[in-house]
Amino acid sequence: PYTTLFRSALELHPNFVIGLWSLHAAKRLLGELQQSIEVGERLVSVSRRAAIFVGQLGLTYGLAGQKDKALPLRQELEVRRESGEFIAPVGFLAIDAGLDDEPAVQVSLESYIQDGGHAFADALMMPDLFSRIDRYPSCGESMKKIRWYLSA
């Protein structure tokens, strides 16, 4: 039902970023990863490669087993950060979680917390992100901080 609403919004405005983001996330959550990737690629393009959407696409590529596509997105974010652009740590965190790279997730999660990560907004943007990270024992203490914030 929700995907029908998102598709209706996109019929009215094909480049509606919120519609694309919603459809991308819904398809990923439903396990329709190839369709999610197609929408995510369009979203990244339409948003002019907004870092949050690059991170979400990297998450989806990783979940789909397309590591060869996820890693270059992470490298892109690194290059952009090194050139002086602010890249919120959640982009790296999403890609690392999609790649199932526990050590990288742990580092990105600490960076996310130190930066004052916006857990509530990020939980809305990527509802599957924190549940993926919950699987890593090394992230338990950090996730307690995030869960506390989400429950407040």
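Analyst: A helix here is a DSSP run of H or I that is at least four residues in length, and helices are numbered from the N terminus. By that reading, W148 sits in helix α10. The model is a predicted one.

User: How many residues has helix α10, and how far does it reach from its first C-alpha to its last?

Analyst: The general idea is to set the span against 1.5 Å times one less than the number of residues. Helix α10 covers residues 140–151, which is 12 residues, and its end-to-end C-alpha distance is 16 Å, close to the 16 Å expected.

User: Which residues in α10 are buried?

Analyst: Buried means under 20% relative accessible area, and exposed means over 50%. In α10 the buried residues are S142, M143 and I146. Viewed down the axis of α10, the buried residues fall within an arc of 95 degrees, so they line one face of the helix.

User: What covers the buried residues of α10?

Analyst: The cover includes α7 (102–114), α8 (119–125) and α9 (129–133).

User: Which exposed residues does the face of α10 turned away from its buried side carry?

Analyst: That face carries E141, K144, W148 and S151. W148 has a relative accessible area of 60%, and therefore counts as exposed.

User: Which residues form a nonpolar patch on the surface?

Analyst: A nonpolar patch joins side chains within 5 Å whose residues have over 30% relative accessible area and no salt bridge. Here F120, L124, W148 and Y149 form one, with about 510 Å² of accessible area together. Helices α8 and α10 each contribute at least two residues to the patch.

User: How many salt bridges does the structure hold?

Analyst: The criterion is a side-chain nitrogen of Lys or Arg within 4 Å of a carboxyl oxygen of Asp or Glu. The structure holds 11 salt bridges.

User: Where do D134 and R147, whose side chains meet in a salt bridge, lie in the chain?

Analyst: The N to O distance between D134 and R147 is 2.3 Å. This pair links distant parts of the chain, 13 residues apart: D134 is in the loop between α9 and α10, and R147 is in helix α10. D134 is partly exposed at 39% relative accessibility, and R147 is partly exposed at 33%.

User: Which residues do salt bridges that share partners join into one network?

Analyst: That network consists of R49, E76, R80 and E85. Within it, R80 and E85 meet through their side chains at 2.8 Å, N to O. R80 has 15% relative accessibility, so it counts as buried, whereas E85, at 33%, counts as partly exposed.

User: With which residue does D100 form a salt bridge?

Analyst: The partner of D100 is R135, and the closest N and O atoms are 2.9 Å apart. D100 lies in the loop between α6 (89–98) and α7, and R135 in the loop between α9 and α10, so the pair ties together parts 35 residues apart in sequence. D100 is partly exposed, with a relative accessible area of 44%; R135 is also partly exposed, with a relative accessible area of 44%.

User: How far apart are G65 and G98 in sequence and in space?

Analyst: Sequence separation and C-alpha distance are read side by side. G65 and G98 are 33 residues apart in sequence, and 8.6 Å apart in space from C-alpha to C-alpha. G65 belongs to the loop between α4 (51–63) and α5 (67–82). Its relative accessibility of 59% is why G65 counts as exposed.

How values were computed. Residues are numbered from 1 along each chain as its sequence is written. This is a predicted model: local features need pLDDT of at least 70, side-chain atom pairs count only at pLDDT 80 or more; totals for chains, interfaces and linings use all residues. Side-chain values use heavy atoms; hydrogens and water are left out. Buried means under 20% relative accessible area, exposed over 50%, partly exposed in between (1.4 Å probe, protein chains only). The arc is that of the directions from the helix axis to the C-beta atoms. Contact means heavy atoms within 4.5 Å. Patches are made of residues with over 30% relative accessible area and no salt bridge: like charges are joined within 9 Å, nonpolar side chains (Val, Leu, Ile, Met, Phe, Trp, Tyr) within 5 Å. Accessible areas come from the Shrake-Rupley method with a 1.4 Å probe; for residues, only the protein chains shown count as cover.
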